[in-house]
Amino acid sequence: MTTHWILGPGAIGRLLAHSLSPIATTTLLGRRSLPVSQILATPEGEQRVRSLNSLTIAQLASNTPEPPTFVHITTKAMVAESALAGITDCIPPSTPLVLWQNGFLAQPRITQAWPGPVLCATTTEGAYLTGDDGVVHAGRGHTFLGDLHNHHGALAEELAQTLTQARLAATKVCDIRQRLWQKLAVNAAINPLVALNGVRNGELRGEAYAGRVAAVVKEVAAIMIAEGIAPPNDGNGEDAWLALVWQVVENTANNKSSMLQDVEAKRPTERGAILGPLIESAQRHGLECEVLQALDDKLAEVEASF
């Protein structure tokens, strides 16, 4: 049986723990203690209660569990590196890491710095927390796994099979960099707007927001061309990007985006990992990014008010 440490017991972290615990040994790692009894609300409306093993980072040093087969880092992008630094004394440097962050900030940095294998995951699974003891699996999606240099295909395939067995559909891919940029594009079109307006993803389809989504996608599509990222689903240009965004909105209509959860909790958002790489790329290539910059500025104002 494989052993999985999940560093960061947020929505995706707890969804992973609930899903993997029937078939693998799992340990949730965080800064504070969580109730042992944890509730998962499934997309089908069922409630499942499981006893999930969790430790604080402080407890880990004196109560180190079985060495992990994988360490999943499910923290926010801006703290992924510091979170990893907090457990490096407890794991061999050859331990495979799995990065679940939004954006394209932590992935290249950790891949370069960590001596062992580093897999990257991009997922459309929707989840949000309902307190210290609850997580809602708001929408089923798909997870793609790979590494930035295509050196660890067998490891990615092993993990994809494990996640699929755990009812989180997953596929090993050789183009994870492109898929991370695709996810970045989708997040940029969805997360800032729902976070700033306090709405769920599905509400973006309404008249009040659809035009604003299209304006973001227009800028993003031009940036993707400059970065050499092909349009999704073998489509053409801006229309293909917009179609992908609406597909994700439809699939996660009831989801509270991670950025909205952050704003509601009055904590820093992942705007630097999502909007930051796009704005930097636009500036580097001499492209327009007024809409993206305005969203970033507004989120910065919201964060400053916390």
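How many residues stand between β9 and β10 in the hairpin that they form? The hairpin of β9 and β10 has two residues between the strands. The model is predicted, so that local features need pLDDT of at least 70 and side-chain atom pairs count only at pLDDT 80 or more, whereas totals for chains, interfaces and linings use all residues. Residues are numbered from 1 along each chain as its sequence is written, and side-chain values use heavy atoms, with hydrogens and water left out.

Helices (H or I, at least four residues) and strands (E, at least two) are DSSP runs numbered from the N terminus, and two strands are taken to pair if DSSP finds at least two bridges between them. Ala 127 has His 137 of β10 as its bridge partner, and Tyr 128 stands opposite Val 136 in β10. Both strands belong to an open sheet of four strands with mixed pairing, in the order β4-β3-β10-β9. The edges are taken by β4 (47-51) and β9 (126-131); each has a single partner strand, so one side of each is left without a neighbour in the sheet. From one strand to the next, the twist averages 25 degrees; angles run from 0 to 180 degrees between N-to-C directions, and axes are lines fitted to C-alpha atoms, for helices over the stretch in contact. Helix α1 (residues 11-20) lies across β3 (37-41), β4, β9 and β10, and runs at about 100 degrees to β9. Contact here means heavy atoms within 4.5 Å.

A further open sheet, also of mixed pairing, is formed by eight strands in the order β5-β2-β1-β6-β7-β8-β11-β12. Its edge strands, β5 (54-56) and β12 (170-172), each pair on one side only. The twist in this sheet averages 25 degrees from one strand to the next. Strands β1 (residues 3-7) and β6 (residues 70-73) run parallel and are joined by four bridges, with Ile 73 in β6 as the bridge partner of Leu 7. Helix α4 (residues 106-113) packs on the sheet through β7 (97-99) and β8, its direction making about 165 degrees with that of β7. Helix α5 (residues 153-165) also packs on the sheet, where it touches β1, β6, β7, β8, β11 (143-146) and β12; its direction makes about 170 degrees with that of β12.

Among the helices, α7 (residues 207-227) and α11 have axes that come within 8 Å and cross at roughly 115 degrees. Ala 215, Val 216, Glu 219, Val 220 and Ile 223 of α7 meet Glu 290, Val 291, Leu 292 and Leu 295 of α11. The residues of this contact comprise seven nonpolar, no polar and two charged, where Ala, Val, Leu, Ile, Met, Phe, Trp, Tyr, Cys and Pro count as nonpolar, Asp, Glu, Lys and Arg as charged, and the others, Gly among them, as polar.

Salt bridges (a side-chain nitrogen of Lys or Arg within 4 Å of a carboxyl oxygen of Asp or Glu) number 16. One of them links Arg 271 with Asp 296, whose closest N and O atoms are 3.0 Å apart. Arg 271 lies in helix α10 (residues 271-285) and Asp 296 in helix α11 (residues 290-304), so the pair ties together parts that are 25 residues apart in sequence.

Voids were examined on a 1 Å grid over the protein atoms alone: a cavity is a set of points where a 1.4 Å probe fits but cannot get out, a pocket is an open set with protein on both sides within 12 Å along at least five of seven lines, and lining residues have an atom within 4 Å of a point. Grid points are joined across faces, edges and corners, and a volume is the space filled by probe spheres set on the points. The count is one cavity of 30 Å³ or more, and the largest cavity has a volume of about 50 Å³. Its lining consists of Ile 12, Leu 15, Leu 16, Trp 100, Thr 123, Glu 125, Thr 143, Leu 163 and Leu 168. Helix α1 gives the most to this lining, with three residues.

The second largest pocket has a volume of about 430 Å³. It is lined by 21 residues, of which Thr 124, Phe 144, Arg 179, Gln 182 and Leu 244 are the closest to its centre. The largest share of the lining of this pocket, five residues, comes from α6.
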